[in-house]
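This briefing sets out selected features of the structure shown below, grouped by topic.

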Amino acid sequence: MANDQYDVVIVGSGAGGGMSAYALTKAGLKVLMLEAGRNYDPLTETPMFNTPDQAPLRGTGTPDKPFGFYDATVDGGWEVPNEPYTVAEGSEPFIWWRPRMLGGRTNHWGRISLRFGPYDFKPKSRDGLGHDWPITYDDLAPWYDKVERLIGVTGRAQGLENTPDSPEGCLLPPPPPRAFEYFVTHGFEAMGIPVAAMHGAVLTQPLNGRAACVFATPCGRGCSIRANFQSTTVLLPPAMDTGNLTIRANALVYQVDLDKAGKAKGVSFVDRVTGEHHSVTARAVVLAAGSGETARILLNSKSALFPDGLGNTHGMVGRYLMDTVGANVVGQFPALEGLPPTNDDGMGMEHIYVPWWNYQRQNRKEMSFPRGYHIEMGGGRGMPSVGMGRMLDGASLSTGDALRDQARRIYGSFISFDGRGEMIPNDDCYCELDPSVKDKWGIPVLRFHWKWSEHETRQAAHMVETFMAVIDKLGGKTVLGAEKDGRKAISKGGEMIHEVGTVRMGASAEDSVVNEFGQSWAVKNLFVTDGAVMVSSPDKNPTLSILALSWRSSDHLAQLARKGDL
Amino acid sequence: MTDTPKPYVSNIDRRTTLAWLGATGAAATTSAFARKARAATPSGKGYGTDPVLTKPAPAPWPRTLTKAQLQTAALICDFILPASATAPSASAVGIPDFIDEWVSAPYPEQVADRPVILSGLAWVEDEAARRYGVDLTHASAANRTDLLNSLTTWPQIPAMRAPFTFFRRFRTLTIGAYYTTRPGFKDIGYIGNVARVSDPGPSPEVKAHLDRELKKLGL
């Protein structure tokens, strides 16, 4: 590897890094990809049809496998051995999900693939809060089109405000709503709230040589038939097929190396298995290690030119860390009891969702919080989990045939409502290097600072209010999450695993770290293509936008390389 | 003696059993909630952050329950879910072994359940001895049912609250473990986990059910 000549070294193999590798290798550039985690092959490692009784503890979540035994994430989680992080004293809680595997979070992600809308790129112009992006929706729209055509996303044009429709031919047909989704749609519509077809990164039809979904097995386990989107099944194989991609796993990059002229000459990493340190060179460096890790690499890249970290002359690296606002309420519905058996497997995520519906009321300043949220719903007659016993708890505990009847009756009668909302970046949410704590290899770790503002806590309270209202409308009973104090109902910082914005893009070197193409203002052959570049964090889940931004930036990088301008 | 149930036969193979016995030594034999400190934290390690997912290995930690405790667990499991006309009993699908695996696990949720379950099993046997002068296995079916029935409703007597809490948790675990087996899927009406060429959505029969219910709700 050391003797090979690379045009680009990419740090990270998830949505950002995987898309960069795809675009750059297709453009003919020689690419070395460094992944901190182990190699991972979804074709042989995915427990597709496994049942809970084949797994320890029936597959329930544990600190070793927080989202359940069969969750695709391997060798990672909220804590990673030997790789600590800290949360500053006085900060609100912040938790940091880190997979350590090829493909990163794209192996287990929710696969909800919503485009940001026109308002989302110019939020400050619209309501005076947060910051505007240096690009508009129209700048990114062609790249959304390309991403959707490449990876396969379901959905349907519905003409809803700030919820872009895709051009003809971009989207795959959405699956029909499940029984409970059909039911809940009536509740929302009776409240004047439109319901939309889900945009999910799952193939409901064959696409680009990949087979269609078999409409069974949970997507969060990954997909051995490549019917949903993972970097490891959709981006990396064609990149490998070009002959231009080399992947090295277990390579934990901690520094961007500069040459005497102040340009990036490569990166240094520690091999997580051997503990040996290595440096590799390339004509350009792409960071896509995830918002936290990308910021950490820059902050740890100290030199005479950049004593506070690479590109951090204006103290912008690590600033404006954002996550998604989350709140959850569960309802039980007598109307769904005794439903004839129905197969609710299929495209793993929701088949419907509720886009934000109050843009105009917010525009008229009629609401107590400025930004919106969308609603995701879980429920139906999915594969029973060990936690289902809790649904049958009570002051009187049935047994025998009465219990069997009760279990059959209430199975599938619960609906979980999840709000996913926009957070406005604030000065209290950022990461920096911890002054004393280091990882196993002596590299300083991140220290997080977090504080939700009232913009978010009031939004969370509104989520709970809305969910309880729709539960009531549908004759149900709230059984979990009836917390009307938004400060208590809101998720922890980082809990939604949508952390973005530590290396934001902007129009000038003073108020941003990279330009609209993720290109460092300070070091022109250094690019960032993960969620770190985001300027705002709309309610729409970030992955589709990371893919579109990464493709756009990588295409720009390839053009510069062709012109010899790196 | 026709009341005496068949002994519970663990599904765990002999080699594994010997390994656990070697690792655990004397198991908890405490007989009351007041003495639950005997339910020491399990010493085993978890399965780690990177277990094989497609063919999971058995849980690696040593087990806790003695043969006698497994018998008690089987009787309680089968009080909760005896065989029905169409589905097997909880013990027939190995739930007592699951309870053992659960209370022996080194993770926080399971460690928290461990003293509750171990003390509860001991309480049940103490109570059988106190009431009937025999262990639960040798009590008459009517007596067994009487004893366990006393745990199915929230008790007015404070002294009964710990046994009730035990039973509620034991029942929750039993239900969760039972319905996550293939016979459990069948009994509850889960018909998924099969490859399909398309997703047709709910059947007309299901939609008709929903339309009726929505109409009742005025929707």
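This is a predicted model: local features need pLDDT of at least 70, side-chain atom pairs count only at pLDDT 80 or more; totals for chains, interfaces and linings use all residues.

**Helix α5 of chain A**

- Helix α5(A) comprises 15 residues, 137-151, which at 1.5 Å a residue should span 21 Å; its end C-alpha atoms lie 20 Å apart, in agreement with that expectation.
- The buried residues of α5(A) include A:Leu140, A:Tyr144, A:Val147, A:Glu148 and A:Ile151.
- An α-helix has 3.6 residues a turn, so residues three or four places apart point the same way.
- Among the elements that cover the buried residues of α5(A) are α7 (231-241) and α13 (543-562) of chain A.

**The parallel sheet of five strands**

- In chain A, 5 strands make up an open sheet with parallel pairing, in the order β5-β2-β1-β9-β17.
- Its edges are formed by β5 (245-248) and β17 (526-528) of chain A, each of which pairs on one side only.
- From one strand to the next, the twist averages 20°.
- Within this sheet, β1 (residues 8-11) and β2 (residues 31-34) of chain A run parallel and are joined by 4 bridges.
- A:Val11 has A:Leu34 in β2(A) as its bridge partner.

**The antiparallel sheet of three strands**

- A further open sheet of chain A has 3 strands in the order β6-β7-β8, with antiparallel pairing.
- The edge strands here are β6 (251-258) and β8 (277-281) of chain A, and each pairs on one side only.
- The twist in this sheet averages 25° from one strand to the next.
- Strands β6(A) and β7(A), the latter covering residues 264-271, run antiparallel and are joined by 7 bridges.

**Pairings of strand β15 of chain A**

- Strand β15 (residues 444-449) of chain A pairs in the parallel sense with β3 (residues 86-87) of chain A, over 2 bridges.
- In that pairing, A:Phe448 of β15(A) is the bridge partner of A:Val87.
- Strand β14 (residues 430-438) of chain A pairs with β15(A) in the antiparallel sense, over 5 bridges.
- Opposite A:Leu433 stands A:Leu446 in β15(A).
- The hairpin of β14(A) and β15(A) has 5 residues between the strands, and in this hairpin A:Gly442 takes a positive phi near 85°.

- A:Arg221 is located in the loop between β4 (196-197) and α7 of chain A.
- A:Arg221 counts as buried because 27 other C-beta atoms lie within 10 Å, whereas the cut-off for a buried residue is 20 or more.
- Leaving aside neighbours within four places in sequence, A:Arg221 is in contact with A:Thr46, A:Pro47, A:Met48, A:Tyr70, A:Asp71 and A:Ala72.
- Of these contacts, A:Pro47 is 174 residues from A:Arg221 in sequence, yet the two C-alpha atoms are 6.7 Å apart in space.

**Contact between chains A and B**

- Chain A contributes 68 residues to the contact and chain B contributes 60 residues.
- On the side of chain A that touches chain B, the elements giving two or more residues are α6 (179-190) and α10 (400-410) of chain A.
- That side of chain A divides into 35 nonpolar, 19 polar and 14 charged residues.

Terms used. Residues are numbered from 1 along each chain as its sequence is written. Chains are lettered from A and ligands numbered from 1 in the order in which they are written. Two strands pair if DSSP finds at least two bridges between them. Axes are lines fitted to C-alpha atoms, for helices over the stretch in contact, and angles run from 0 to 180 degrees between N-to-C directions. The expected span of a helix is 1.5 Å times one less than its number of residues. A residue is buried if 20 or more other C-beta atoms lie within 10 Å of its own, exposed if 12 or fewer, and partly exposed in between; C-beta atoms are placed from the backbone. Two residues are in contact if their C-beta atoms, placed from the backbone, lie within 7 Å. Ala, Val, Leu, Ile, Met, Phe, Trp, Tyr, Cys and Pro count as nonpolar, Asp, Glu, Lys and Arg as charged, and the others, Gly among them, as polar.
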